[in-house]
Amino acid sequence: MSVPDPFGLQLAKYTNVAALTILIYDYFTTLHSEVQWTWGRKWGVIRIAFTISRYAPLIGALMTSYSAVKTWGTQDCAPFNDALNGIHFLGFIASEGLLICRVYAFSGNKRAYLIILLSFGLVILVTSVILSAAPINFNISGPVAPHCVLEGARSSAFPYALLAFFEIVLMSITVFLRHRHYLGSHTVLVKSIYHDGLLYMFGIMMISTGNVIVTAVLPLSYSEMLNIPQIVTHSVLASRILFNLQASRETCQLTNSIELLSRAHEFQARPGGSVMTDQPDEA
């Protein structure tokens, strides 16, 4: 590991703190939606995953920003970093879990898709944890960097690459389901599930690809530059997708109610309780 570049480390600190600011701003601007769509509802898989994906990144971003600006000196930062990585992974798992549930629902709740997605996601998760816990040593010679500096390892690019690949697979399945089962459907709900889902996957794929490039190509002093932006992207998109989905459902229900009310004048009740439609008088 080479001697850290002061400019790279400072830039990484700035980008992480800026991403934290964006996350806090987004949290307060969408708090009313959270209250409307999640508070007071029963706890289930979706709400638990949403809560974790909403608040774990916030805690992780705060901890990362604290670690970036703190002068550790001779203190051991390993326990702190282990807890931080655990929170990051927890937020990623919850966010991807929401996306898997979304694809599963889009498939018509077919268990085959759920089993395939969960199995594939588990393989990606285990591989990413192994690579993060025991990073590959590329045997790059050079002076050793100071302890507890905001700098990652080259092997950190592999988990990001796996995450980007996972998003590509989910995008492919979503497009397949759209053309297989919903090609002629133009309802608000189907469009919301399809377009928002693709937007989420594409956003995660792009930020993950950016992390791969930054970690594998640039000097290691820049390796943590997109750390918080990655988890912020997960959290912001996961929350907004859920909010948009709930709003689309309400719009569909409201549209159906309006259609029923608009047809109410076509019906008249007979004295015996049967129903007849208004017909124009015949000459």
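The protein contains 8 helices and 2 strands, where helices (H or I, at least four residues) and strands (E, at least two) are DSSP runs numbered from the N terminus. This is a predicted model, in which local features need pLDDT of at least 70 and side-chain atom pairs count only at pLDDT 80 or more, while totals for chains, interfaces and linings use all residues. Residues are numbered from 1 along each chain as its sequence is written, and side-chain values use heavy atoms, with hydrogens and water left out.

**Overall build**

- Along the sequence, the elements follow the order α-α-α-α-α-α-α-α-β-β.
- Of the 283 residues, 42% count as buried (under 20% relative accessible area; exposed is over 50%, and partly exposed lies in between, with a 1.4 Å probe and protein chains only).
- The accessible surface comes to about 15900 Å², and carbon and sulfur atoms hold 68% of it; such areas come from the Shrake-Rupley method with a 1.4 Å probe, and for residues only the protein chains shown count as cover.
- Among contacts (heavy atoms within 4.5 Å) with a separation of 6 or more, 79% join residues 24 or more positions apart.

**Nonpolar cores**

- The largest nonpolar core has 32 residues, and Val103, Phe106, Leu170, Tyr200 and Met201 have the most contacts inside it; a core is a set of buried Ala, Val, Leu, Ile, Met, Phe, Trp, Tyr and Cys residues joined through side-chain atoms within 4.5 Å.
- Two or more residues of this core come from each of α3 (45–69), α4 (78–106), α5 (111–133), α6 (157–181), α7 (188–217) and α8 (227–262).
- Helix α7 gives the largest share, 8 residues.
- Beyond its neighbours within four places in sequence, Leu170 touches Glu96, Leu99, Val103, Leu117 and Met201.
- Another core, of 10 residues, lies apart from that one and includes Leu23, Phe92, Ile231 and Val236.

- Asp26 lies in helix α1 and is buried, with a relative accessible area of 5%.
- Setting aside neighbours within four places in sequence, Asp26 is in contact with Arg54, Val236 and Arg240.
- Asp26 and Val236 are 210 residues apart along the chain, yet their C-alpha atoms are separated by 7.0 Å.
- Ile24 also has its place in helix α1 (residues 6–29), but Ile24 is partly exposed, at a relative accessible area of 33%.
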